[in-house]
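Work through these exercises with the structure open. Try each task before you read its solution.

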Amino acid sequence: MQELLVDIEDQDELYRSYMPFLKNGGLFIKTNTRFDMGVAVSLRVMLPDALEEEEVKGKVVWITPQGAQNSNPPGIGVSFDPEFELLNDKIAKLLGTALNHDKPTYTM
């Protein structure tokens, strides 16, 4: 299982990376590394203003390839495994009402 470090520096980046439409939540990770759909990955996530990393496991459910027609960066979307719903809840609380914005994200 490949491990990725995800350092989210501010609320705007968290908003653009968060994937609330997934059942257990998920994050988009900018990367040029090639992944296949369904591959299990381990993430070490540093949320904005956090003192410690959060560890989460999940599967690749989204791929934005290099040179995609939109202006989004290449990367993967990782759906959190069900036992990591506390991280999903923490992200939703950090974003609060920003979740209702209609600003574009890396996936939608």
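**Exercise 1. Is Asp 36 buried, partly exposed or exposed?**

Start with the ground rules. The model is predicted, so local features need pLDDT of at least 70 and side-chain atom pairs count only at pLDDT 80 or more, while totals for chains, interfaces and linings use all residues. Residues are numbered from 1 along each chain as its sequence is written, and side-chain values use heavy atoms, with hydrogens and water left out.

Step 1: take the cut-offs. Buried means under 20% relative accessible area, exposed means over 50%, and partly exposed lies in between (1.4 Å probe, protein chains only).

Step 2: apply them. Asp 36 has 43% relative accessibility, so Asp 36 counts as partly exposed.

Step 3: look for its partner. Asp 36 forms a salt bridge with Arg 34. A salt bridge needs a side-chain nitrogen of Lys or Arg within 4 Å of a carboxyl oxygen of Asp or Glu. Here the closest N and O atoms are 3.2 Å apart. Arg 34 counts as exposed because its relative accessibility is 68%.

**Exercise 2. Which residues join Arg 44 in one network of salt bridges?**

Step 1: start with one pair. The side chains of Arg 44 and Glu 53 meet in a salt bridge, 2.9 Å from N to O.

Step 2: check both ends. Arg 44 is partly exposed, with a relative accessible area of 26%. Glu 53 is also partly exposed, at 33%.

Step 3: Salt bridges that share partners join Glu 3, Arg 44 and Glu 53 into one network.

**Exercise 3. Find the aromatic pair and classify it.**

Step 1: learn the rule. Rings of Phe, Tyr and Trp (its six-membered ring) pair if their centres lie within 6.5 Å. Planes under 30 degrees apart count as stacked, over 60 as edge-to-face, and the rest as tilted.

Step 2: count. The rule gives one aromatic pair.

Step 3: classify. Phe 21 and Trp 62 are 6.4 Å apart centre to centre, with 55° between the planes, and the pair is tilted.

Step 4: Phe 21 is in the loop between helix 1 and strand 2, and Trp 62 is in strand 4 (residues 54–64). The two are 41 residues apart.

Step 5: Phe 21 counts as partly exposed, at 41%. Trp 62 is partly exposed too, at 24%.

**Exercise 4. Where does Ser 17 lie, and is Ser 17 buried or exposed?**

Step 1: locate. Ser 17 lies in helix 1 (residues 11–17).

Step 2: classify. Ser 17 counts as buried because its relative accessibility is 3%.

Step 3: find a neighbour. A polar atom of the Ser 17 side chain lies 2.9 Å from the backbone oxygen of Glu 13.

**Exercise 5. Describe the backbone and setting of Asp 49.**

Step 1: read the angle. Phi of Asp 49 is near 65°, a positive value in a residue other than glycine.

Step 2: Most residues other than glycine have a negative phi.

Step 3: Asp 49 lies in the loop between strand 3 and strand 4. Asp 49 is exposed, with a relative accessible area of 81%.

Note on methods: Helix = DSSP H or I, 4+ residues; strand = E, 2+ residues; numbered from the N terminus. Polar contact = N/O pair within 3.5 Å; in protein donor to acceptor, adjacent residues only side chain to side chain.
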